[in-house]
Amino acid sequence: MNLHEYQGKEILASYGVTVQRGRIANTADEAVAAAKQLTEETGTGWHIIKAQVHAGGRGKGGGVKLAKNLEEVKEIAGSIIGMDLVTPQTTAAGKRVHMVLVAEDVYGPGESEIQEFYMSVLLDRAQSRNMIMYSTEGGMDIETVAEETPHLIFTETIDPAHGLQAFQARRIAFNLGLSGKAFKEMTKFVFALYEAYVKSDSALFEINPVLKASDDRIIAVDCKITMDENALYRHADIQAMRDTREESPIEVEAKAVGLNYVDLDGNVGCMVNGAGLAMATMDLIKQAGGEPANFLDVGGTADAKRVEEAFRIILKDPAVEAILVNIFGGIVRCDRVAQGIVDAYKNMGDAIKVPIIVRLQGTNAEIAKELIDTSGLNVQSAVEFQEAADMVQAVIAKNK
Ligand code: GDP
Ligand code: MN
């Protein structure tokens, strides 16, 4: 689960990380009110208006703009709210912007030069340890830095038994070329950031840019947080931050009925029991010349009700040209699943317009095949993996 920038900054601030302060607005008028309030709280005259969508690269797409007075706040907020923001990280259709963050301008000139850094905290799976990744090259996307100037990316690995050590925080500040007050501020920043990451059970914190302001404060200007969904039950407050408008509507619906569904770009829908088999099935579809339209694990109970729910979810995707059902009957018997498919199909009347290929293997597979073959429905059955692949291929070839 991803969070909005403003939500991430709330979490950071609650752990003592200095953030660029801001207020959320759903309309241009709310943005003006937010700007006035912010001027009172921070003394800022200029405001930065930032689209709140789950995608990075907003600046490049015109979703982050500086307003030098209240008229500009109103004008810019009005133009950003409601737009379909296209960034390097969205599709060509973009993402609809529902709200903006009106934030204080922290880039003003002063005693020292401002600097932008990159910093993230994440799990290094190879070492089974948390890692702080940072770079002097802030504000750019880190993939480009990794490609063009990999020597400018540094990492600090944290020993879980000892936690983040003071010498590590100092090494980070040193490698970023800081001294004096900025150096001290950075070590504090790193400690608070790391604590926020660990205590909130996150999978990723990415702060890009971390700003060294002209008064040598270290400030989180942007914030991307990805939550570890398996730990969300421990954080009701963060769970409440979920914004389903940012998620695929089909995925949201699938989650509501307890199906493990991930939307993909292809043309062959899959219904499978078990995540490993689902992955193998997606490979099978690719080999047969198709592209999986989704990942769907129906889990252990493939009864008529569940199969019907799964069919309905898969069919919401207009790109689906065929559905491949691949079920291994270990605990669940194949004939029960076959009956479930037949019942679901009959129940759905003419809602199913695409061919269905069913491959059932395991306990009572032959009885299951018989059940499907004699049902009189537009369902082809297979027992072997390859048979099913050939059937998928034939359907795709016909549609070409
Ligand atoms: P992203 O493009 O989605 O990563 O959004 P960011 O929050 O990182 O903002 C994009 C860029 O806007 C930053 O890299 C900064 O260059 C600029 N920016 C952000 N905050 C301010 C600010 O307070 N003042 C000014 N002048 N620029 C800002
Ligand atoms: Mn950014």
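Start by selecting ligand 1 and E116: a polar side-chain atom of E116 sits 3.2 Å from an oxygen atom of the ligand. That is a polar contact, meaning a pair of N or O atoms within 3.5 Å; within protein, one must be able to donate a hydrogen and the other to accept it, and residues adjacent in sequence count only if both atoms are side-chain atoms. Taken alone, ligand 1 exposes 560 Å², and the protein buries 81% of that. Areas here come from the Shrake-Rupley method with a 1.4 Å probe, and for residues only the protein chains shown count as cover.

Before you go on, some housekeeping: this is a predicted model, in which local features need pLDDT of at least 70 and side-chain atom pairs count only at pLDDT 80 or more, while totals for chains, interfaces and linings use all residues. Residues are numbered from 1 along each chain as its sequence is written, chains are lettered from A and ligands numbered from 1 in the order in which they are written, and side-chain values use heavy atoms, with hydrogens and water left out.

**Stop 1: around ligand 1**

Now show the backbone of E104: one of its polar atoms lies 3.5 Å from an oxygen atom of ligand 1.

Strands are DSSP runs of E with at least two residues, and helices are runs of H or I with at least four, numbered from the N terminus.

**Stop 2: the manganese ion**

Select ligand 2 next. This manganese ion is coordinated by N208 (O) and D222 (OD), at 2.2 Å. The two residues are 14 apart and link distant parts of the chain: N208 belongs to strand β10 (residues 202-212), and D222 to the loop between β11 (218-220) and β12 (224-227). Donors are N, O and S atoms within 2.8 Å of the metal (3.2 Å for Na, K and Ca); water is not among the atoms, so the site may look incomplete.

N208 counts as buried because its relative accessibility is 15%. Buried means under 20% relative accessible area, exposed over 50%, and partly exposed in between (1.4 Å probe, protein chains only). While you are here, check the backbone: the peptide bond from N208 to P209 is cis, with omega near 10 degrees. P209 is also in strand β10.

**Stop 3**

Move to helix α6 (residues 180-199), whose 20 residues reach 29 Å from first C-alpha to last, close to the 28 Å expected at 1.5 Å a residue. The expected span is 1.5 Å times one less than the number of residues. Its buried residues include M186, F189, L193 and Y197. Just after α6, look at D201, which takes a positive phi of about 55 degrees.

Then pick α10 (residues 304-315): its twelve residues should span 16 Å, and the end C-alpha atoms are 16 Å apart, which agrees. Among its buried residues are R306, E308 and F311.

**Stop 4**

Which way does phi point at S128, positive or negative? It is near 55 degrees, a positive value in a residue other than glycine. S128 sits in the loop between β7 (115-124) and β8 (129-135), and counts as exposed because its relative accessibility is 57%.

N364 also has a positive phi, near 60 degrees. Find N364 in the loop between β17 (356-362) and α12; it is partly exposed, with a relative accessible area of 29%.

Last, select S375, in the loop between α12 (365-373) and β18 (379-382). A polar atom of the S375 side chain lies 2.7 Å from the backbone oxygen of I372.

**Zooming out**

Show the whole protein chain: 13 helices and 18 strands. Its C-alpha trace spans about 85 × 50 × 40 Å along the principal axes, and buried residues make up 48% of the 400 residues.
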